[in-house]
Amino acid sequence: MSQPDNKPETVEDLERKKKKEEKAREKELKKLKAAEKAELAKLKAQQGANAPKKSAKKNIKRDTGEENLEDYVDPETPFGEKKRLSSQMAKQYSPSVVEKSWYTWWEKSGFFVADASSPKPPFVIVLPPPNVTGALHIGHALTSAIQDTIIRWKRMSGYNTLWVPGMDHAGIATQVVVEKKLMRECRLTRHDVGREKFVSEVWKWKDEYGGTILRQQRRLGASLDWSRECFTMDERRSRAVTEAFVRLYRDGLIYRDIRLVNWDCILRTAISDIEVDYVDIKERTLLKVPGYENPVEFGVLTSFAYPLEEGLGEIVVATTRVETMLGDTAIAIHPDDKRYTHLHGKYAIHPFNGRRLPIVCDAILVDPSFGTGAVKITPAHDPNDFEVGKRHILEFINIFTDDGKINSNGGSEFVGMPRFKARQAITEALQQKGLYRGSKNNEMRLGLCSRSNDVVEPLIKPQWYVDCNGMAKQALDVALDSEDRKLEIIPKQYAADWKRWLENIRDWCISRQLWWGHRIPAWYVTLEDDELKELGAYNDHWIVAQDESEAHKEASKKYAGRKFDLCQDPDVLDTWFSSGLFPLSVLGWPDDTEDLKAFYPTSVLETGHDILFFWVARMVMLGIKLGGDVPFRKVYLHPMIRDAHGRKMSKSLGNVIDPLEVINGISLEGLHKRLEEGNLDPNELAVAKAGQVKDFPNGIAECGADALRFALVSYTAQSDKINLDIQRVVGYRQWCNKLWNAVRFAMSKLGDDYVPPTEVHPETMPFSCKWIISVMNKAIKKTVSSLDSYEFSDAATAVYSWWQYQFCDVFIEAIKPYFTGEDPTFTSERNSSREALWLCLETGLRLLHPFMPFVTEELWQRLRSSQGNQRKESIMICDYPSYVECWTNERVELEMDLVESAVKSLRSLRSEVLAKHRNERLPAYAYCQNEEVAGIIKSHELEIVTLATLSSLEVLLSERDVAPARCAFENVNVNLKVYLKVEGNLNAEAEREKIKNKMEEIQKQQEKLKKTMNASGYEQKVPAHIQEENAAKLAKLIQEFEFFQKENSRLDAELMDNN
């Protein structure tokens, strides 16, 4: 299939692109100049108080004179070439600048293409084909973000990765959209233009909107193998669909039968269960139904009487669908109901057509305690009645036309009436005949078509079915057989749904009365001497074949010597049939291709849990039957995405989010314009716009693809639903800026001439370097193990926490003294810090890459490669970081935990006592309870002073030193207290209040613990190690309480001295 992004560009295209890029370049320069101006103003303000104005102004001019703003702007990159980077890193992160040009280079370089002959182990994902019905929404972005994270991680981990893109023709959805478009633009229906012209219009529509979907996938950074791109109705996939139908038919698994289906009277087709939305109605309710001017009443149970033969009186029945009584062919009672014993074998008379209705005994359907204990039976229009009709060999009478009007079977009095108008007319007719017995509120569930919003009508129709029983048993076994499980479902909770659905499976109706889709490869033979000439009149006259030529040969054999006409079934196949074959058809089945041999079965199927049965189970059934094995080894089901209020995404609510709108940003006016270009009616449009005003009063800020991806992957921990708040995405975009600035700082410390070493030896490095490498090693281990177990949110958190809380917040700050003024006493530390910085940047970027591909590629490309190592072209084909045993240093981590706790407490004290002078440095004291803690604090004095912004730190030992006076204090733990020297008078009352609160808290903990330890049977029932832990906890609490008592006494004494 052609790729829109790879079309040859005309001179005009290139000229247009050049002008666009020049404009963007000018815009970026203006931005930089504005930022520079702001920085100068800030610097001026800071220096104004400390330096003469003239010299400050002179210095600023001299400094800025050395900077060329163009050094910070990326040069123009020709389409498809490797991105050309500016000589200096921009001072601020810009998603649109950073994410530009990388994707086209990745794609053109062939980094996404899998090789069927590769010796590497295969790892394959098939992208759930998005509907061709329009642009991708944020739910599709979730799918892409998760799958691309998996694929990039596996690619970097040495696998021959294949991620296959495709689109689904979406039969009903697409037909509805194009029908609406025809009506809106031309005031024509599909019947006005005819089948051939209508299908041609759908193909035009597909060509236009299919490109939008693919561009969005590229903009998200999805590393799909576009060389294998497919569409469910392209030539190869269509051949696979025909082959599957023919094989299943010849194996006796596809058959034609007359059964009840979910019928949509607006679309005039059968629809699948997944396309039916149910509304719970509590009482009498008026609802708007398509095709009716006035609202229709639901939630009402109407009672009426049928006269009995032989003067036996009447029998009263009740229904919520009184119009269906025109198709009643029996009345059912319970065989043991003594009220009706005398009616066994008798008949009632239909009041409008005189039809005799047998009274049948049915213990399965009838509950004698409900209502009158008599049930009207309409076998052609109710699923339960259909079964009764089969059990008692009743007549099946269809009373509706395909568009929901009463047909000739309903009688001349009502023929041609729309079904819900007939409801009213029949009620009035029953009243006139004296047979109406009243109505009352009735709680009910009403089925509505998700595509048209029409009320679904159960209708008896001849359709094609797949016999699912045997295949369902196989699909159940592969997932639940503990000894030979071939399919793992993640999360495990959905295995119960799998079991429930497959154990209660019904045969699958696969025909649809549409024009857009795969035409059913079945031809009806009308013999010259057939009495009935209608299509399908004789069920044994169908020929299933690959094409009309083969069908003609088959018919000639079957009806040798007889004249006949062939007519292909006008129906098309259910869309789920072709998508159920997708893992096979995308790899070339039914041909025995190299791709099929190398990549089937695929590795994992990632999708939403809402289609576990409708798509996943059917792929498994068809994969085993036609491909000889499960189509994938694992199924990962992600949560369903909702808006920030927990509501389902809906165009009519205005809360559907286009990923590009989050990536690029959009104004409120832009959001409104997008709605106006859609298919909403005026009322829906007003509601949708109001929803946008409420949720996005200022539009959506530019976030970039990296931030959107990271936010979506982070959200996957939220059970079965994600309540997406765009502000969280904005937060990750701000984090990208922090990441950018941290790397920019680190690069400035490495210097232009820095050459990384071939090997790094943490054991010879200073404390903070040992620590950052050790915790990075743990982050690697946690990330890889989380990815392995499909806990993507945990993996994202592990990477984020290391970068944010350990590398940026602690390490970068801790090493700053080594680089201040190039102090010769810190030469060794400075060199080690550079090595640790480079190692952390290079490793950390590779660790983050699957989640945030664009920013990591850009930053990694700016890093120098280590000595003697052949640099890979791109970060995406580098090795993914792995755990290195010798990098872990538990002792260093424990010591840093103590340092960080002390720093946290000192910062807390600073915020209390330095409300106005936040940057002022104060002296502090560490009051230690033992030599070991004192030794740790003393050896890390520089880190504590730096991180807590202190002027000095004195280490005191409780055995020999008294606690310092006139200080604010904080309890770090049982072995360490920190004190901050306060200039001027200490707010003793505030300190005493703090002590009082701490003591009350400790007392509560003591009482709770004592209550547990003094409980009856504690010593006998509680394990010894728990008892020991509790005793140790109590001892610590007592020790802490005594400390606070002493501090309270000390404060009292200080107050006395001051007075």
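A crossover is right-handed if, with the strands pointing away from the viewer, the path from the first strand over the helix to the second runs clockwise. In this predicted model, strand E26, helix H18 and strand E27 make a right-handed β-α-β unit.

- Strand E26 spans residues 602–608, helix H18 spans residues 612–627, and strand E27 spans residues 632–638.
- E26 and E27 run parallel and are joined by 6 bridges.
- Within this pairing, Thr602 has Phe632 of E27 as its bridge partner.
- E27 is also joined to strand E19 (residues 488–490), again in parallel, by 3 bridges.
- On that side, Glu488 has Lys634 of E27 as its bridge partner.
- Of the 7 residues of E27, 5 are buried, so the strand is largely enclosed by the rest of the structure.

**Helix H12 against helix H18**

- The axes of helix H12 (residues 469–480) and H18 come within 9 Å and cross at roughly 100 degrees.
- This angle falls in the range from 65 to 115 degrees, which means that H12 counts as roughly perpendicular to H18.
- H12 contributes Met471, Ala472, Gln474, Ala475 and Val478 to the contact, while H18 contributes Val620, Met621, Ile624 and Lys625.
- Sorted by class, the residues of this contact are 7 nonpolar, 1 polar and 1 charged.

**The open sheet E13-E14-E12-E15**

- An open sheet of 4 strands has the order E13-E14-E12-E15, with mixed pairing.
- Strands E13 (347–349) and E15 (374–377) stand at the edges with a single partner strand each, so one side of each has no neighbour in the sheet.
- From one strand to the next, the twist averages 30 degrees.
- Strand E12 (residues 330–333) pairs with E15 in the antiparallel sense, over 4 bridges.
- In that pairing, Ile333 stands opposite Ala374 of E15.
- In a regular strand the side chains alternate between the two faces of the sheet.

**Asn777 in helix H24**

- Asn777 lies in helix H24, which covers residues 767–788.
- The relative accessible area of Asn777 is 0%, and the cut-off for buried is under 20%, so Asn777 is buried.
- Apart from its neighbours within four places in sequence, Asn777 is in contact with Ser882, Tyr883, Val884, Glu885, Trp887 and Thr888.

Definitions and conventions: Residues are numbered from 1 along each chain as its sequence is written. This is a predicted model: local features need pLDDT of at least 70, side-chain atom pairs count only at pLDDT 80 or more; totals for chains, interfaces and linings use all residues. Side-chain values use heavy atoms; hydrogens and water are left out. Buried means under 20% relative accessible area, exposed over 50%, partly exposed in between (1.4 Å probe, protein chains only). Helices (H or I, at least four residues) and strands (E, at least two) are DSSP runs, numbered from the N terminus. Two strands pair if DSSP finds at least two bridges between them. Axes are lines fitted to C-alpha atoms, for helices over the stretch in contact, and angles run from 0 to 180 degrees between N-to-C directions. Angles under 35 degrees count as roughly parallel, over 145 as roughly antiparallel, 65 to 115 as roughly perpendicular and the rest as oblique. Contact means heavy atoms within 4.5 Å. Ala, Val, Leu, Ile, Met, Phe, Trp, Tyr, Cys and Pro count as nonpolar, Asp, Glu, Lys and Arg as charged, and the others, Gly among them, as polar.
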